[in-house]
Amino acid sequence: MNRTPHLIIPAILCSVTAFANANTLSDESPIEKITVEASPTANKLPVGTFDSPISNLEYDPRVDLQSRNMAEAQADVTIRGGIFENTGFRVGSATLLDPQSGHYFAEIPIAPQMLSGPDVLTGADNALYGMNSSVGTVSFGWKPIITGGSVSLGTGTNDFNLQSIHAAKNTQLDSLVNYTLGFEGEYSHSQSDGTIDNGDHDFSRASARVQLASEHSQTDLFFGSQDKFFGWPNLYTPFGVNETEDLETRLWMLNHKQNYANDSNFEVSAYYRTHDDHYIYSRENPSAFEAFHKSEVKSLGLSGRHAQSDALAINYSAQFIDDSIESTTLENNFTSRKYYKLSILPEYTIALKNQQLTFRLGAAYDDTNRDDAEVSAIGDITLNTQNSDGTAQTLYLSYAQASQVAGYTAIGGSDSGGLFRSNYNLERETTSNLELGLLLEEQSWQLNSAIFYRKDNNLTDWTFNFDSTSARFANPVDIDTAGVEFLATKHFDTAKLIASYTYLHKSENYGAADIDASFYALNFPDHRLTLGAVYNPTDILEFRIDNEWRTQHKNALRNGNDNALFTQLTLKITPPQLSNLFITLAADNLWDESFEEIPGTPGRGKQYTLSATYSW
């Protein structure tokens with residue numbers, strides 16, 4: 001069996017599963033394909049803290065990560081010009097939800113060593129597998145446990161320090177033939193004074209899992225705990241105040257994945273998540289305004305693919321979420337909700353001489369106990385060509401609808417005053433996405449391209465009025481977004497190059513005249529370029545560099561330039577005299593770029609680190 005190669009641009013990544021059996025759920029592929037490693041970034045680890053599932057996404061051309069302090073502190077992950085609440089985070093078959101705000105979707109207390117991915121789902125696959133995420137989903141799977149481990153220590157500028165340990169053990173069971181039992185645990189901690197004044201952080205994470213696996217199944221029981229304190233000027237408000245957040249996230253998850261019959265599989269995921277947030281508006285005067293939130297989420301998800309024959313298969317997904325929140329700032333009229341989703345996407349494949357033509361057409365049903373239900377259409381056509389020399393081409397056309405409902409901060413707080421003003425009239429958001437994509441795979445290079453057009457109706461955005469004392473207002477907006485994406489990966493004997501270009505154009509209608517600026521929906525790059533490289537001149541040295549250049553859409557709240565250039569550079573040294581030890585010198589924001597990723601919120605400064613890692 002051959003693993004479907006990891007693809008880059010989300011349009012291709014999503015639609016190629018029409019003929020590759022949804023690679024997030026199965027390791028089986030019906031087509032012999034070349035394998036070209038096509039990682040979207042050169043660097044794998046962050047510079048200013050320990051790694052998390054969203055680390056280095058700011059250099060990933062598939063997404064636009066808008067951070068406060070740094071990505072691991074407060075990460076708003078957007079896809080194709082959407083906003084943070086349009087992006088879901090999926091582990092196994094379940095989307096992790098935070099009812100208060102999408103700002104906390106990326107609070108995932110799982111060590112990245114335990115996860116595969118991230119795979120970015122858009123279009124038809126997001127409509128099929130996503131939950132309350134109308135534009136895209138960042139999807140992770142559970143890796144098999146492999147015996148080994150590592151310990152890392154780091155130091156750096158701004159009084160930075162890091163400690164991390166990870167260990168895993170996998171053993172064959174005598175009592176169950178062909179089954180293995182694995183144990184894995186991790187603890188990480190970092191702290192620093194921050195790259196700008198009042199930008200300090202103190203993070204810690206502990207995670208552990210037990211795994212029972214065989215050739216055809218894998219069961220994981222996981223628990224993770226994460227505590228984060230960080231500060232930042234103008235964290236959420238543009239009033240020149242030093243704000244702080246103290247977050248505690250706990251996650252229990254049980255996941256079972258099963259392959260059966262021929263090219264068929266299913267995955268069941270259940271989780272219980274709690275998230276506590278203590279927000280202080282002014283660290284110099286905490287009593288001026290502070291807020292406490294405690295959210296609780298229980299969920300059950302199922303997804304899979306059933307192959308009826310070589311030509312006919314059924315892709316499906318279902319999820320139930322039950323959430324609640326205790327808050328000092330909500331009006332207590334909207335503090336719980338139940339969500340339901342069912343998606344079915346039949347797939348029909350016609351085998352030609354050296355091609356496969358695949359049709360998928362289905363629908364998704366979304367509902368809650370508080371909002372109107374919505375039925376969405378999903379469909380795509382994919383033509384895959386396999387050449388005798390192992391090269392391949394994929395051409396597809398897809399149309400997908402999706403919907404979601406607003407978070408509690410947007411719809412459940414005060415609608416007459418306060419720092420964050422809610423809107424009780426927000427309705428279900430709907431999205432329609434049409435796209436055309438082409439993937440070219442050669443022996444040493446890969447080119448992904450896509451063009452898309454998306455209509456968002458009743459999208460919940462946060463806006464600003466210069467005459468108001470409120471920091472932001474929740475407002476609905478209709479937006480049409482057109483975009484073009486290109487990404488190329490080229491392999492050489494001792495190097496790899498990664499280059500991408502993205503263009504976005506938006507036209508919006510808020511239906512209101514008292515809006516001076518948008519924090520999110522109109523915070524996007526008109527043009528964005530990324531360039532990464534990995535170079536191994538010797539067995540001792542490895543250089544990794546990621547660059548991102550953007551010209552951002554003008555925003556009345558943004559201070560400084562609308563253009564930005566970010567660079568992350570890493571030198572890895574593996575001394576031959578010291579077995580299993582490597583030393584890393586790293587720099588992030590090498591040019592000390594001050595660009596405001598969130599309008600009105602100061603950008604991060606530069607950070608240098610030195611770390612040593614011993615593995616076994």
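The model is a predicted one, in which local features need pLDDT of at least 70, side-chain atom pairs count only at pLDDT 80 or more, and totals for chains, interfaces and linings use all residues. Residues are numbered from 1 along each chain as its sequence is written, and side-chain values use heavy atoms, with hydrogens and water left out.

I begin with the cavities. A cavity here is a set of points, on a 1 Å grid over the protein atoms alone, where a 1.4 Å probe fits but cannot get out, and its lining residues have an atom within 4 Å of a point. Grid points are joined across faces, edges and corners, and the volume is the space filled by probe spheres set on the points.

The largest cavity holds about 210 Å³ of space. It is lined by 19 residues, and G48, M70, D588, R604 and Q607 are the closest to its centre. The lining comprises 4 nonpolar, 11 polar and 4 charged residues; in this scheme Ala, Val, Leu, Ile, Met, Phe, Trp, Tyr, Cys and Pro are nonpolar, Asp, Glu, Lys and Arg are charged, and the others, Gly among them, are polar.

The second largest cavity holds about 140 Å³. Of its 19 lining residues, V63, D64, R80, G81 and L504 lie nearest the centre. Strand 1 (64-68), strand 24 (495-509) and strand 26 (525-535) each give two or more residues to this lining, and strand 24 gives the most, with 3. Helices (H or I, at least four residues) and strands (E, at least two) are DSSP runs, numbered from the N terminus. By class, this lining has 7 nonpolar, 6 polar and 6 charged residues.

I turn now to backbone geometry. Most residues other than glycine have a negative phi, and most peptide bonds are trans. The bond between G117 and P118 is cis, with omega about 5°, and P118 belongs to strand 5 (residues 115-122). N56 has a positive phi, near 70°, and sits in the loop between helix 2 (17-20) and strand 1. N132 also has a positive phi, about 55°, in the loop between helix 3 (123-129) and strand 6 (136-142).

Are these two asparagines buried or exposed? N56 is buried, at 4% relative accessible area, and N132 is buried, at 10%; buried means under 20%, exposed over 50%, and partly exposed in between, with a 1.4 Å probe and protein chains only.

Technical notes
On a 1 Å grid over the protein atoms alone, a cavity is a set of points where a 1.4 Å probe fits but cannot get out, and a pocket is an open set with protein on both sides within 12 Å along at least five of seven lines; lining residues have an atom within 4 Å of a point.
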